Amino acid sequence: MTARLPLAATRAPGSASEEDQGRRLAGLLLELARCINPEVAATLPSRLEDDPRLEALRGVLLEREQVALARLQRKFDDPRELADAVGAVLPAAFALAAAQDERLGQVIAPTVERAAQASIQKNPGTMVDILYPVMGPAIRKAIAETLEGTLQSINQAVKHSLSWRGLKWRIEAWRSGSSFADVVLRHTAVFRVEHLFLIHRKTGLLLAHVAREDATTRDPQLVSAMLSAIQDFVRDSFDESAGGGTSGRSIDSLRLGDLLLWCEEGPSAFLAAVIHGNPPAMVRTRLGETLATVHDQWRTALEAFDGDTAPFDEAGPLLRPCLLSQGAEAHRKVSPLLWAVPLALLVALGYWLAQRIAEGRRVDSYVAALQDQPGIVVTGAERRDGKWLVSGLRDPLAAQPEELLAQAHLDPARIMGRWEPYQALHPAIVLKRLQATLDPPATVSLTQDASGIRASGSAPQQWVDKARAFMLTLPAGAPKVDLSALKDVQDPDYIRLRDAIQAQLIHFDFSVPRPAADQESKLDAVAADMRELVKVARALGFPVKVTIVGHADATGKDTSNLALSVGRAEVVRSMLRARGVDPAVLAVRGAGPLEPLRPGASEDELSMNRRVSFGVSTGD
Amino acid sequence: MLQKKICLLGAFGVGKTSLVRRFVDTIFSDAYLTTVGVKIDKKLVTVGTEQMALILWDIAGEDEVSAVRVSYLRGAAGYLLVVDGTRPETLDTAVSIQSRIGAEIGGVPFVVLLNKADLQEDWAIPMERIQVLEAAGWVFRRTSAKTGFGVEETFQELAARLAR
């Protein structure tokens, strides 16, 4: 401006000489240089005084600017006025600078920090007052959550402190150095996080959703929008401090029976977890941490979110670890080996019981078998000192109780018997007794029938006689023994020898007690037969008796004849004795003339009657 | 997938809920409208090659006593204003809602649905009013909840506008 005006002024007259014009122009340029550069002003003297017109011109042309400049100068010089002026534009200047880039913030941050520090040092109360409305609710919320967690812990602790499990947990707490309540919670919290919805706060749109494979849900997009709407609804309806914005309190949890919905709020998004069961506070901490990570990683994407969820595809893997769960731990941790111990005990106990019952049954069947035996009466069977004692009455001829043990599969070492002997009248036992006592020959068979005992077959007369005698000794009421069917039979040897002996006759001369001289061979033969007879009788076990009968003829007196006949018998006896016949079986009898062989009186007949005959009989 | 929050607004009895019922997926009953004041539906539309999920916030109707909960509008990418073509006062309500929404969430795309288009003989909204509003930037579409006329197209059109 100052440069152009003088030029214009010079052009206006239009008649000045070229040289004068050049000089003026040079002077003007020099003045201009002085104005611009202070160094030039110092070295070059002002040329204004050379041309006073210039000064006048300036005074005329720049009067208003000079006034304005003076005013500005005053403002700069007076600190109060300068402060006023800067104060008026400072907010706008800050706003503009902040909009351009972040340098302003970086520059003033240290100063602000120092100022805040100084302020707090000077009067801490002020800062507390300032922060209280902000921090108060946050602190209250934190305390409330902590208290809730603690209460839950206490509840669990009280519930479990007196049980056996409680004792185990107390030991675990002592060993691990954590609190008992924590240990209790760790073991008892049974829960499953089934769904996680990451929801954009402002729009209620679903950013990411993860769920367990087996969890079912309706359309997650709809669910997340509805959750968001309900959050808004509750906030609007009950929280007057919210003011309709995204700030303010929100629903922390909703419970529907076993189902729990936990919401963790962040500045741009919230995380909703659908949980089954009773989760510990640790789960909420985990949700909070995860949400913070989401905000950290997707800060710009969250702020610029316009419905495109593609940037949040990576959030799924981040959320998935939050699908925490815990089953009833006590059941999970039992090793199969631990089960084996009670199982083995149970099996052993079962085996022992089964054995005991089976043994009891076997003893019962053993006793029943004993009762069926004739001649045995069981009066008791009891367990004593781990063994069985079976007691009762037993006929000595009855079966051996021990023989029945094997049938009942019983260990003889475990069964003791105590038997009182008695005599049984059971037909079977009576039969046995008969057989034991009478020793019947093989030809005799004794059988038991409905009416008693029946003997059949054949037996020697003497055995039959013995049997009959024995019957008389049986007590009254004993079974009847029928011997009527027995046939009397004799031993053929006995019969032969008896007949042979009885056929022999020893002859005598008249009135001589000694046998005739020719009778020696006869005597030898009869003695041999008698010896054999005794042997046979002894072998068969019956007594035998040979009666030597002396005879006389009818001549002479009867008394002398009787003496003669006895004498003849005695002589023969001694002769037989001399020939080796046992004298114990020999008996003598004198018949005199009373048993003649021939009734006649001729010499031949008389001679025939002078004889000794033999009679053989069994029995005593 | 692209998702957009769309609000469905209008006076009581203009047929908002029945208008969309046949065209959307939902898991919530109408009872939510009277309890929570909003019911969420979903409409899948294809824009170009991409699918877009319109999350419809069917917000309970408004009258003299109950105003729309403003917090439900937050974050909406667009909205549908429903007017009963046989009741001119519902257009007044729509105008009032529109002015309040404009203040609350700014200028997002919206379409005004003139519902009950099937009741031609009862039609009571003068053409001039519509023209005036159209001049102010309003977009009108005639629809019928009864016949389904115009509904699908409106969703399609709104989605196309949001995708741009």
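In this predicted model, A:I506 stands opposite A:V612, a residue of strand β17 in chain A. Strand β17 of chain A, residues 611-618, runs antiparallel to β14(A), and 3 bridges join the two. As a general point, strands of a sheet pair through backbone hydrogen bonds, either parallel or antiparallel.

Both strands belong to an open sheet of 4 strands in chain A, with the order β14-β17-β15-β16 and mixed pairing. Which strands stand at the edges? They are β14, residues 505-507, and β16, residues 586-592, of chain A; each has a single partner strand, so one side of each is left without a neighbour in the sheet. From one strand to the next, the twist averages 25°. Helix α21 of chain A, residues 520-540, packs on this sheet and touches β14, β15 and β17 of chain A. The direction of the helix makes about 155° with that of β15(A), which spans residues 544-551.

Between β14 and α21 of chain A there is a loop, and A:S511 lies in it. The phi of A:S511 is near 55°, a positive value in a residue other than glycine. Most residues other than glycine have a negative phi.

A second residue may be set beside it. A:H409 is placed in the loop between α17 (401-407) and β9 (415-421) of chain A. Its phi is likewise positive, near 55°, and it too is a residue other than glycine. A:H409 has 11 C-beta neighbours inside 10 Å and therefore counts as exposed.

I turn now to the interior. In soluble globular proteins, nonpolar side chains tend to be buried together. The largest nonpolar core here has 83 residues, of which A:L198, B:I6, B:W57 and B:L81 touch the most other members. Helix α11 of chain A, residues 220-238, gives the largest share of this core, 8 residues. Another core, of 26 residues, lies apart from it and includes A:M530, A:V549, A:V572 and A:L576. Returning to B:I6, the residues it touches, not counting those up to four places away in sequence, include B:L54, B:W57, B:Y79 and B:L158.

Finally, chain A as a whole. Its secondary structure comes to 23 helices and 17 strands. Of its 620 residues, 25% are buried. Among contacts in chain A with a separation of 6 or more, 61% join residues 24 or more positions apart.

Key: Residues numbered from 1 in each chain as written. Chains lettered and ligands numbered in written order. Predicted model: local features only at pLDDT ≥ 70, side-chain atom pairs only at ≥ 80, totals over all residues. Buried ≥ 20, exposed ≤ 12 C-beta atoms within 10 Å, placed from the backbone. Contact = placed C-beta atoms within 7 Å. Pairing = 2+ DSSP bridges. Axes fitted to C-alpha atoms, helices over the stretch in contact; angles between N-to-C directions. Core = buried A, V, L, I, M, F, W, Y, C linked by C-beta atoms within 7 Å.
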